[in-house]
Amino acid sequence: QERVALDDIGFIKTGTDLSRDELTAAGWALRRPPHPLETSLPGVFAVGDVRSGSIKRVASAVGEGSVSISSVHQVLSE
């Protein structure tokens, strides 16, 4: 069963917040580490209120969404 790694209170962990153990448990098979807003499932990104460590503000979510676009393009070109 594939599912994204969550923090202790149920928010989605992304990027450098993911431990090697969490990536292994999720079946991360890529040689590269996750992109900053990428979850433990390759190519799946999380932004805004659902993301662990977010500040729960609309402007921040919009910014995270725009930042994730370049990562999405990189993933699609892999």
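This is a predicted model: local features need pLDDT of at least 70, side-chain atom pairs count only at pLDDT 80 or more; totals for chains, interfaces and linings use all residues.

Visitor: Fine. So is Lys56 buried, exposed or partly exposed?
Guide: Lys56 counts as partly exposed, because its relative accessibility is 30%.

Visitor: And where does Lys56 sit?
Guide: In the loop between helix 1 and helix 2.

Visitor: What does the charged end of Lys56 sit over?
Guide: The ring of Phe11, with the charged end 4.1 Å from the ring centre.

Visitor: While we're on rings, how many aromatic pairs does the structure hold?
Guide: The count is 0 aromatic pairs.

Visitor: OK, switching to Ser54. Which loop is Ser54 in?
Guide: Ser54 lies in the loop that runs between helix 1 (20-25) and helix 2 (58-77).

Visitor: Buried or exposed?
Guide: Ser54 counts as buried, because its relative accessibility is 11%, and the cut-off for buried is under 20%.

Visitor: What does the Ser54 side chain reach?
Guide: Two backbone oxygens come up. The side chain of Ser54 reaches the one of Gly48 at 3.0 Å and the one of Arg51 at 3.2 Å.

Visitor: Leaving out residues up to four places away in sequence, which residues does Ser54 touch?
Guide: Gly48, Asp49 and Glu64. Gly48 is also the residue whose backbone oxygen the Ser54 side chain reaches, and Glu64 is one of the buried residues of helix 2.

Visitor: Which other residues of helix 2 are buried?
Guide: Besides Glu64, they are Ser68, Ser71 and Val75.

Visitor: How far does helix 2 reach from its first C-alpha to its last?
Guide: Helix 2 has 20 residues and reaches 29 Å, close to the 28 Å expected at 1.5 Å a residue.

Visitor: And where is the kink in helix 2 centred?
Guide: On Ile69, and the kink is about 25°.

Visitor: Last one: what about Ser19?
Guide: Ser19 lies in the segment before helix 1. With 31% relative accessibility, Ser19 counts as partly exposed.

Visitor: How far is the C-alpha of Ser19 from that of Ala5?
Guide: They are separated by 9.6 Å, and the two residues are 14 residues apart along the chain.

Conventions. Residues are numbered from 1 along each chain as its sequence is written. Side-chain values use heavy atoms; hydrogens and water are left out. Helices (H or I, at least four residues) and strands (E, at least two) are DSSP runs, numbered from the N terminus. Buried means under 20% relative accessible area, exposed over 50%, partly exposed in between (1.4 Å probe, protein chains only). A polar contact is a pair of N or O atoms within 3.5 Å; within protein, one must be able to donate a hydrogen and the other to accept it, and residues adjacent in sequence count only if both atoms are side-chain atoms. Contact means heavy atoms within 4.5 Å. The expected span of a helix is 1.5 Å times one less than its number of residues. The bend at a residue is the angle between axes fitted to the seven residues ending there and the seven starting there. Rings of Phe, Tyr and Trp (its six-membered ring) pair if their centres lie within 6.5 Å; planes under 30 degrees apart count as stacked, over 60 as edge-to-face and the rest as tilted. A charge sits over a ring if NZ of Lys or CZ of Arg is within 6 Å of the ring centre and within 35 degrees of the ring normal.
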